[in-house]
Amino acid sequence: MIAGKQALEHTVGPRNIESNIVAHYFLGIAYNNLGQFELSIAELNQALSLIPKDRKFDLFGTTGILSVLCKIWLIRGLAQVGHFSETLQYGEDAIQTAVERDHPFSIVYAYYAVGAVAVIKGDFDQAIAPLERGLRVCESAEIPVQRPLIVSCLAAGLCLRRSHR
C-alpha cells in the first residue's frame, strides 16, 4: 500500500500519465485483496478515467489490456459490495475489448471475471457459459497460468449449480 501510494505521488503530471495509470491499477488490486472494496473501486475508476480512448487496447507494460484488467478487478469489487447491476456493462465491455484486440490473456481473464461475478451472485447457470468460453481460449492459446483460476471457478459454479437444484 505504501509503495502504491508513493508511486502515485511520483507519477503526477502529463509526462508520467502511463505510470500514474498503472499505479492506480495496482493500488486498486491491493485494496481489493485487502477487502477494502470501496477504495479499490475508486482507484480502478481513476485508472480507467485516465486511459485515453485511443489507447483502450494498450497493455501499458502489464500482462493484459489495462482497460480490460481494470474493468475485471472493478467488477469483482462491485460484486463484493453487492452492486451487481453495475458489473454487467463493465463485463461486456471487457470481453468486447479483449476479443476485438484478440488478446487471449485478456479474453480469458474477462470471461473469468464475468463468470466469477455470476458465482458470487448465486446465478450459477449464468456463470458456466463464460467460464467454459474462457477455459477454451485458455487451452487453445496455451496459457497455463490462468487454467487453475478458471477451472476452480468453473468447478465451483458447476458444483453449486448442482447442489441448488
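User: Which residues line the second largest pocket?

Analyst: This is a predicted model, where local features need pLDDT of at least 70, side-chain atom pairs count only at pLDDT 80 or more, and totals for chains, interfaces and linings use all residues. Residues are numbered from 1 along each chain as its sequence is written, and side-chain values use heavy atoms, with hydrogens and water left out. A pocket is an open set of points on a 1 Å grid over the protein atoms alone where a 1.4 Å probe fits, with protein on both sides within 12 Å along at least five of seven lines; lining residues have an atom within 4 Å of a point. Lining the second largest pocket are Leu48, Ser49, Ile51, Pro52, Lys53, Lys56, Ser67, Lys71 and Thr97.

User: Which element gives the most residues to the lining of the largest pocket?

Analyst: Helices are DSSP runs (H or I, at least four residues), numbered from the N terminus. Helix H5 (84-101), helix H6 (104-121) and helix H7 (124-140) each give two or more residues to the lining of the largest pocket. The top contributor, with six residues, is H5.

User: Is cysteine 159 buried or exposed?

Analyst: Buried means under 20% relative accessible area, exposed over 50%, and partly exposed in between (1.4 Å probe, protein chains only). Cysteine 70, at 0% relative accessibility, is buried. At 54% relative accessibility, cysteine 159 is exposed.

User: How many disulfides does the structure hold?

Analyst: A disulfide is a pair of cysteine sulfur atoms within 2.5 Å. The closest cysteine sulfur to that of cysteine 159 belongs to cysteine 153 and is 12 Å away, too far for a bond. The number of disulfides in the structure is zero.
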